[in-house]
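User: I would like to go through a structure with you. Could we take the pocket, the charged pairs and the surface in turn?

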Amino acid sequence: MQTVILVLGASGQIGNELTQKLRKIYGNTNVIASDIRKGSDEFVASGPFEIIDATDKQAILETVSKYKVTQVYLLAAMLSATAEKIPQKAWNLNMNSLLAVLDLAKEKHIKQVYWPSSIAVFGPLTPKENTPQQTVMQPSTVYGISKVSGEFWCNYYHEKFGVDVRSLRYPGIISWKTKPGGGTTDYAVDIYFKALEKKKFECFLSENTRLPMMYMNDAVDATIQLMQAKPEEVKIRTAYNLSATDFTPKEIAEEIKKHIPEFEISYNPDFRQAIADSWPSSIDDSEARKDWKWTHNFNLKSMTEDILNSLKEQE
């Protein structure tokens, strides 16, 4: 059977680039992008696009039936910093969208589901360094609470109903193609734009706040690799730890200065500092590397070179 994919939340940071990569693999007409509002003209012109509220199960079902969709990538979510401002709305979006898609899979309308989790599932009592796959999860944010709940819903639907749902705990994701979207790790996206535009950047985290990070190219590759893995290779149905690199604001600034010597960084920690302090500083993703042979391609140095070169080409 032909693979036909629906991406919910396709206009977001990960959704945009994941959709483009999926279209290269499966063909433009076999990957339906959707979001609650219209994407850019270029994005909409590149393949099928539908306006869908990810919490509206009936609207999703209509699109699934229309295109004979076999896989759903559910990326619609409210991220950590934004969710803290409107917690009830964040909970409703993050949970109701997941349950709608899991129900469609349970009812055999779709064969496979991808749903991203996050390092936000961890909390202050979680081991900070090389955080293991199985460990204490006591999230202190609405986003984290929704993600840890979602992980167990995924596992429940797999165990009870045989739903083929797969998930990754993303670290901070860094991309130059879309501007920051309200996450605590988004300083590491914004810093590159500001370095080129203004030669200075005020960071909302303190200089030595170490967090696990990943270049978007690696995140997209990991997502597709997991979905293409054989079912027997996917041994964890909550969510896999995923990692590539880890660094502090001070370290990323020093790497940027190698390319832009006049760049200056200052620090003015805000409410996001407490969120970052509750998260791990590095992640043990050996289970993903063992089960479905995950490996990353970018570190801080190679990522910085690629982002700055790409942004300069855009000017």
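User: How many nonpolar, polar and charged residues are in the lining of the largest pocket?
Analyst: This is a predicted model. In it, the lining of the largest pocket is made up of 18 nonpolar, 18 polar and seven charged residues.

User: How much space lies in that largest pocket?
Analyst: The largest pocket holds about 1000 Å³ of space. It is lined by 43 residues, and those closest to its centre are Leu 75, Ala 76, Ala 77, Met 78 and Leu 79.

User: Turning to charges, how many salt bridges does the structure hold?
Analyst: There are 15 salt bridges in the structure. One of them pairs Glu 251 with Arg 210, with 2.6 Å between the closest N and O atoms.

User: Where in the chain are Glu 251 and Arg 210?
Analyst: They belong to distant parts of the chain, 41 residues apart. Glu 251 is in helix H9 (residues 249-257), whereas Arg 210 is in the loop between strand S10 (200-203) and strand S11 (211-215).

User: Which residue forms a salt bridge with Arg 272?
Analyst: The partner of Arg 272 is Asp 270, and their closest N and O atoms are 2.5 Å apart. Asp 270 counts as partly exposed at 27% relative accessibility.

User: And what is the N to O distance for Lys 290 and Glu 287?
Analyst: The salt bridge between the side chains of Lys 290 and Glu 287 has an N to O distance of 3.6 Å. Both residues lie in helix H11 (residues 286-291), three residues apart, or about one turn of the helix. Glu 287 is partly exposed, its relative accessible area being 27%.

User: Which residues do salt bridges with shared partners join into one network?
Analyst: That network consists of Asp 164, Arg 166 and Arg 237.

User: Now the surface. Which residues make the nonpolar surface patch of about 270 Å²?
Analyst: Trp 153, Tyr 156 and Phe 161 make that patch.

User: Last topic, the backbone. What is phi of Lys 68?
Analyst: Phi of Lys 68 is near 55 degrees, a positive value in a residue other than glycine. Most residues other than glycine have a negative phi. Lys 68 sits in the loop between helix H3 (57-67) and strand S4 (71-74), and it counts as exposed at 65% relative accessibility.

User: What about phi of Lys 293?
Analyst: Lys 293 has a positive phi as well, near 60 degrees. Its place is the loop between H11 and helix H12 (300-314), and at 59% relative accessibility Lys 293 counts as exposed.

Notes: Residues numbered from 1 in each chain as written. Predicted model: local features only at pLDDT ≥ 70, side-chain atom pairs only at ≥ 80, totals over all residues. Heavy atoms only, no water. 1 Å grid on protein atoms, 1.4 Å probe; cavity = no way out; pocket = protein on both sides within 12 Å on 5 of 7 lines; lining within 4 Å. Points joined across faces, edges and corners; volume = space filled by probe spheres on them. Nonpolar A, V, L, I, M, F, W, Y, C, P; charged D, E, K, R; others polar. Salt bridge = Lys/Arg side-chain N within 4 Å of Asp/Glu carboxyl O. Helix = DSSP H or I, 4+ residues; strand = E, 2+ residues; numbered from the N terminus. Buried < 20%, exposed > 50% of the residue type's maximum accessible area, 1.4 Å probe, protein only. Patch = residues over 30% accessible without salt bridge, like charges linked within 9 Å, V, L, I, M, F, W, Y side chains within 5 Å. Areas by Shrake-Rupley, 256 points an atom, 1.4 Å probe, with all protein chains shown as cover.
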